[in-house]
Amino acid sequence: MLKCSLCVNDERTSRIEVVNGRPVCRECQVYLRHPIDRKKVREELEGLMINVDRAIVAYSGGKDSVVALYLAKEVYKVPELEAVMIDHGLMSEKAIKNARRIAEHLDVPFKILRYDYSDIFRNALLKAQSPCRACSKRTMEKLRKYALKNGYRYIITGHELPFGHHPYRLMSGGIVQIRLLSMMTEEERFKILKRLPFEFPELPGYTTNCLVLGPTLQLYWEKHGHSFEHRRIAALVRYGLISREKAERELQKPEVPEEQWKIVLKKLGIEENQIELIRR
Ligand SMILES: [Zn+2]
């Protein structure tokens, strides 16, 4: 199987062609023709952050949002911040405690809004699909409404920049989402995390807070033979944001502990034999 020499895509996830004697995926070919101007992205971000006096941070308690909260508070020194966590119903309790501890450490008010996303998760599991897109879309919409209601204009998120060229997004109602981690490397993130009382919860998959991601990833893997995060992680490698070795590790099939499967299936009202049927 041909494998891209620049990222981690292979023939399962992209079209690979040989260019000047080297296998290169379609996305990398586009990137080579139109590379991202890192300096410009960073400048755009700096220009944006200067004007932010009040903002909420989309705070999942995962490592990226923790880094975003730290940057907003300690580096950009946003005068008024609120860390808002949307609990979708299958967050790890340990992660919620972790999130609260970090917010207290940084002296930022912490708020949890609880919802039930069982419909999204049930649907994703029963179809062996990724729940991430629908979950993240709903979460951003809840945060947008919260921002509007409380007079915030900015929502700061821990997103990187894998599929866009600007570190911000205009949302309806005049709300601006700022992707504060645009073009920040994994190494830079870990340097920040080390300074904080952040505990890495041991969850399968690349997540540090979501209980449903591991089971959906594992099921998808069993059906399709690769991770549904493959293309996103390939983009991070292409942009030099994580090493190829780390990416390869994250793309391996997760083995979710029995206990975690039980919690997730019980919460979603799914029987184990329904999952067995999907596996076949
Ligand atoms: Zn590639």
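This is a predicted model: local features need pLDDT of at least 70, side-chain atom pairs count only at pLDDT 80 or more; totals for chains, interfaces and linings use all residues.

User: Which atoms coordinate the zinc ion?

Analyst: The zinc ion is coordinated by the SG atoms of Cys-4, Cys-7, Cys-25 and Cys-28, at 2.3 Å. A donor must lie within 2.8 Å of the metal, and 2.3 Å meets that. Along the chain these donors follow the spacing C-x2-C-x17-C-x2-C.

User: What makes the arrangement around the zinc ion tetrahedral?

Analyst: The angles subtended by the four donor atoms run from 102 to 115°. Four donors count as tetrahedral if all angles lie between 85 and 135 degrees, so the arrangement around the zinc ion is tetrahedral.

User: Are Cys-4, Cys-7 and Cys-25 buried or exposed?

Analyst: Buried means under 20% relative accessible area. Cys-4 has 2%, Cys-7 has 0% and Cys-25 has 0%, so each of these counts as buried.

User: How many disulfides are there, and how do you know that Cys-210 is in none?

Analyst: The count comes to zero disulfides. For Cys-210, the nearest cysteine sulfur is that of Cys-135, 6.4 Å away.

User: Why is the contact of Arg-114 with Asp-87 called a salt bridge?

Analyst: The closest N and O atoms of Arg-114 and Asp-87 are 2.6 Å apart. The cut-off is 4 Å, so the pair is a salt bridge. Arg-114 lies in strand E5 (residues 110-114) and Asp-87 in strand E4 (residues 80-87), so the bridge ties together parts that are 27 residues apart in sequence. Arg-114 counts as exposed at 53% relative accessibility, while Asp-87 is buried at 7%. The whole structure holds 20 salt bridges.

User: What makes Lys-145 and Glu-141 a salt bridge, and where do they lie?

Analyst: Their closest N and O atoms are 3.8 Å apart, and the limit is 4 Å, so the pair counts. Both residues lie in helix H6 (residues 132-149), four residues apart, about one turn of the helix. Lys-145 has 52% relative accessibility and counts as exposed, the threshold being over 50%. Glu-141, with 30%, is partly exposed.

User: Why is the pair of Tyr-59 and Phe-110 called edge-to-face?

Analyst: Their ring centres are 5.8 Å apart and their planes stand at 85°. Centres must lie within 6.5 Å, and planes over 60 degrees apart count as edge-to-face, so the pair is edge-to-face. Tyr-59 lies in the loop between strand E3 (54-58) and helix H3 (63-75) and Phe-110 in strand E5, so the pair ties together parts 51 residues apart in sequence. Tyr-59 is buried, at 1% relative accessibility. Tyr-220 and Phe-228 are also edge-to-face, with 5.4 Å centre to centre and 80° between the planes.

User: How do you know that the charged end of Arg-279 sits over the ring of Trp-261?

Analyst: The charged end of Arg-279 is 5.3 Å from the ring centre of Trp-261. The rule asks for a distance within 6 Å and a position within 35 degrees of the ring normal.

How values were computed:
Residues are numbered from 1 along each chain as its sequence is written. Side-chain values use heavy atoms; hydrogens and water are left out. A salt bridge is a side-chain nitrogen of Lys or Arg within 4 Å of a carboxyl oxygen of Asp or Glu. Helices (H or I, at least four residues) and strands (E, at least two) are DSSP runs, numbered from the N terminus. Buried means under 20% relative accessible area, exposed over 50%, partly exposed in between (1.4 Å probe, protein chains only). A disulfide is a pair of cysteine sulfur atoms within 2.5 Å. Donors are N, O and S atoms within 2.8 Å of the metal (3.2 Å for Na, K and Ca); water is not among the atoms, so sites may look incomplete. Four donors count as tetrahedral if all angles lie between 85 and 135 degrees; four count as square planar and six as octahedral if opposite donors are over 155 degrees apart and all others between 65 and 115; anything else is irregular. Rings of Phe, Tyr and Trp (its six-membered ring) pair if their centres lie within 6.5 Å; planes under 30 degrees apart count as stacked, over 60 as edge-to-face and the rest as tilted.
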